[in-house]
Amino acid sequence: MPHDLRHAGVSTMLWAGVPAVRVTLIAGHLVEVLLGIYAKVLDGEEDAVKRRIEAGLGSS
């Protein structure tokens, strides 16, 4: 059960847009390990990433 809670916590942080490097610091993973395990969580984020980039550039 603790492993499931940890997995849920890490997944939630990634879904919320917390940068992977920050999540690794919180979870104690290496970036390579985190991305290998949780890559499926990040899959499909293209639209959200594009919106963040546009917002950062002041585009509409």
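Okay, a definition to start: angles under 35 degrees count as roughly parallel, over 145 as roughly antiparallel, 65 to 115 as roughly perpendicular, and the rest as oblique. Axes here are lines fitted to C-alpha atoms, for helices over the stretch in contact, and the angles run from 0 to 180 degrees between N-to-C directions.

Ground rules next. This is a predicted model, where local features need pLDDT of at least 70 and side-chain atom pairs count only at pLDDT 80 or more, while totals for chains, interfaces and linings use all residues. Numbering runs from 1 along each chain as its sequence is written, and side-chain values use heavy atoms, with hydrogens and water left out. Helices are DSSP runs (H or I, at least four residues), numbered from the N terminus.

So, α1 and α3. Helix α3 covers residues 31-42, and its axis sits 10 Å from that of α1, at an angle of about 60°. That's why we call the two oblique to each other. The crossing is right-handed, meaning that the near helix is turned clockwise from the far one by less than a right angle. On the α1 side you've got Arg6, His7, Val10, Ser11, Leu14 and Trp15, and they meet Leu34, Tyr38, Val41 and Leu42 of α3. Contact means heavy atoms within 4.5 Å. By class, that's seven nonpolar, two polar and one charged residues. For the classes, Ala, Val, Leu, Ile, Met, Phe, Trp, Tyr, Cys and Pro are nonpolar, Asp, Glu, Lys and Arg are charged, and the others, Gly among them, are polar.

Have a look at Ser11, which lies in α1, residues 2-15. Buried or exposed? Ser11 counts as buried because its relative accessibility is 4%, with the cut-off for buried at under 20% relative accessible area (1.4 Å probe, protein chains only). Leaving out residues up to four places away in sequence, Ser11 touches Tyr38 and Val41.

Now the other partner. Helix α2 is residues 20-27, and its axis comes within 10 Å of the α1 axis, crossing at roughly 155°. That makes α1 and α2 roughly antiparallel. From α1, the contact uses Arg6, Val10, Met13 and Leu14; from α2, Ala20, Val23, Ile26 and Ala27.

Last up, α4, residues 46-57. Its 12 residues reach 16 Å from first C-alpha to last, close to the 16 Å expected at 1.5 Å a residue; the expected span is 1.5 Å times one less than the number of residues.

How values were computed. Buried < 20%, exposed > 50% of the residue type's maximum accessible area, 1.4 Å probe, protein only.
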